[in-house]
Amino acid sequence: MIVSKSVGNVKGVSAPRSIVRLDGNSVNFINWTVNLNSTHEADDFTITLPFRMTTNLAQGYLTATPDKASYLFTKSNVLVEVFVGFPKNPNKFQTSDLTRIMYGYMDTAELDFNDQGETVVVTGRNQMAPFIDTKSTIKYQNMTSSAIAQMLAKNHGLSYKITPTYTLAGKYFSGDSTQISKDTTEWDLLSFLAEQEGFDVRVFDNTLYFGPFETIVGNVTTSGLNYAWGQNIRELTLSRSPHAAKDIVVEVHSFDTLKTKHVKGSAKKKTVTYTTSTKNVTATAKSSTGTSGASTTFTQRYFFPGLTQDQAQKKATAILNQLSKLEVTGTMTVAGNEKLTIDRLLVISGLGTGLSTNYYVRKATHNFDIASDGYRVDLDFSNLLLIDEFTGGL
């Protein structure tokens with residue numbers, strides 16, 4: 001592991017600005033943290049705001065009176081938006097001059113009383129939360145995966161960018177081991193359907209994305225953001241795990257060239273997926289009629305036509321060995337940049353041969369403090385672009 005800390009020559013951008021809105025109303029704040037997490041983990045936020053106990057103000061979000069509680073403690077849903085950026089005029093700006101990096105709902109509000117005054121800390125998650133919190137026991141047998149995704153997005157008032165599919169979802173629920181239980185959430189369902197289609201599913205801002213991985217992570221195909229040690233990187237760590245890339249799973253998909261007898265005696269070709277990982281050295285094979293136990297992993301998926309199960313196994317093992325030896329992960333702290341989102345391409349230099357290369361953001365933690373206009377981003381990154389997906393049955 002390399003651990004370094006820059007002591008100077010940190011290149012930053014001046015005058016960052018931020019606006020926080022509750023239900024569309026701009027409010028004063030003290031500081032905030034927004035975590036842009038991996039694909040199948042909800043983005044989350046923590047915001048500290050000033051609070052007043054008063055007798056002469058109307059009911060509001062950041063006040064309480066003897067006869068009226070704060071809206072933070074009476075409303076069932078509070079929409080929270082966080083905007084940040086570098087407006088042309090830092091003394092006169094509005095939300096249209098900034099980038100919205102959080103659009104979600106409050107989960108908790110916690111009042112803090114001390115000799116410094118009163119504050120309230122608001123926490124919550126992005127628009128993935130409604131899918132996570134809503135149970136779904138309906139199979140939607142006669143709808144396609146894309147139609148189901150579109151319907152659920154509309155149910156939660158979200159925009160959507162969905163690649164059309166044409167297979168009825170009933171086909172995916174035909175296996176005995178594929179059952180929707182009472183604990184299945186709408187996000188479980190969307191993730192399961194995305195896996196069957198070879199898609200990825202994400203929520204960012206107020207939009208649900210459902211489609212091929214490359215159509216969702218547009219930032220990867222754009223020009224990278226340049227960082228150099230000794231110039232615009234404040235702190236940096238790098239690690240290499242030559243034999244234990246613990247979060248890597250390799251899937252090789254193919255259409256088996258052999259015919260397989262089914263229970264009813266009919267002969268039918270089947271799709272075989274061979275999965276292997278450094279977490280579990282015992283690889284598992286699964287067919288289109290069954291899936292393995294649910295887990296969240298970083299997955300590399302490959303498609304090769306005409307492989308037998310044995311050939312798929314050898315191919316997956318070879319790829320995993322290659323990826324395990326080459327994985328480099330790291331963390332770094334840089335000056336605030338609203339463009340730093342998940343899977344963003346980083347071009348990092350100043351680290352010598354082999355380490356000065358392209359990396360991909362796996363998590364971005366944005367931090368803003370109003371007192372100092374301090375805006376920084378803490379990044380987790382990898383040299384591998386890994387598909388973060390839900391794998392497993394319902």
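Student: How many helices and strands are there in the chain, and what makes a stretch count as one?
Tutor: The chain has six helices and 24 strands; these are DSSP runs numbered from the N terminus, a helix being H or I over at least four residues and a strand being E over at least two. This is a predicted model, in which local features need pLDDT of at least 70 and side-chain atom pairs count only at pLDDT 80 or more, while totals for chains, interfaces and linings use all residues. Residues are numbered from 1 along each chain as its sequence is written, and side-chain values use heavy atoms, with hydrogens and water left out.

Student: What makes the span of helix α3 close to the expected one?
Tutor: The expected span is 1.5 Å times one less than the number of residues. Helix α3, residues 186-197, has twelve residues and reaches 17 Å from its first C-alpha to its last, which is close to the expected 16 Å. Just after α3, G198 takes a positive phi of about 75 degrees.

Student: Why is R301 called buried?
Tutor: Buried means under 20% relative accessible area, exposed means over 50%, and partly exposed lies in between, with a 1.4 Å probe and protein chains only. R301 has a relative accessible area of 12%, and therefore it is buried.

Student: What makes a group of residues a nonpolar core?
Tutor: Such a core is a set of buried Ala, Val, Leu, Ile, Met, Phe, Trp, Tyr and Cys residues joined through side-chain atoms within 4.5 Å. The largest one here has 46 residues, and W32, L72, M332 and L346 have the most contacts inside it. A second, separate core of 24 residues includes F131, Y140, W187 and L190.

Student: Which strands form the open sheet, and in what order?
Tutor: The order is β11-β13-β12, and the pairing is mixed. Two strands pair if DSSP finds at least two bridges between them; β12 and β13 are joined by five bridges and run antiparallel, with T207 in β13 as the bridge partner of F204. Helix α3 packs on the sheet, touching β12 and β13, and its direction makes about 135 degrees with that of β12. Touching is contact, meaning heavy atoms within 4.5 Å, and axes are lines fitted to C-alpha atoms, for helices over the stretch in contact, with angles from 0 to 180 degrees between N-to-C directions.

Student: How many bridges join β22 and strand β23?
Tutor: Nine bridges join β22 to β23, residues 374-382, in the antiparallel sense, and D369 stands opposite G374 in β23. Strand β4, residues 31-36, is joined to β22 by six bridges and runs antiparallel to it, and L36 has A364 as its bridge partner in β22. Strand β22 itself, residues 358-369, is mostly covered, since nine of its twelve residues are buried.
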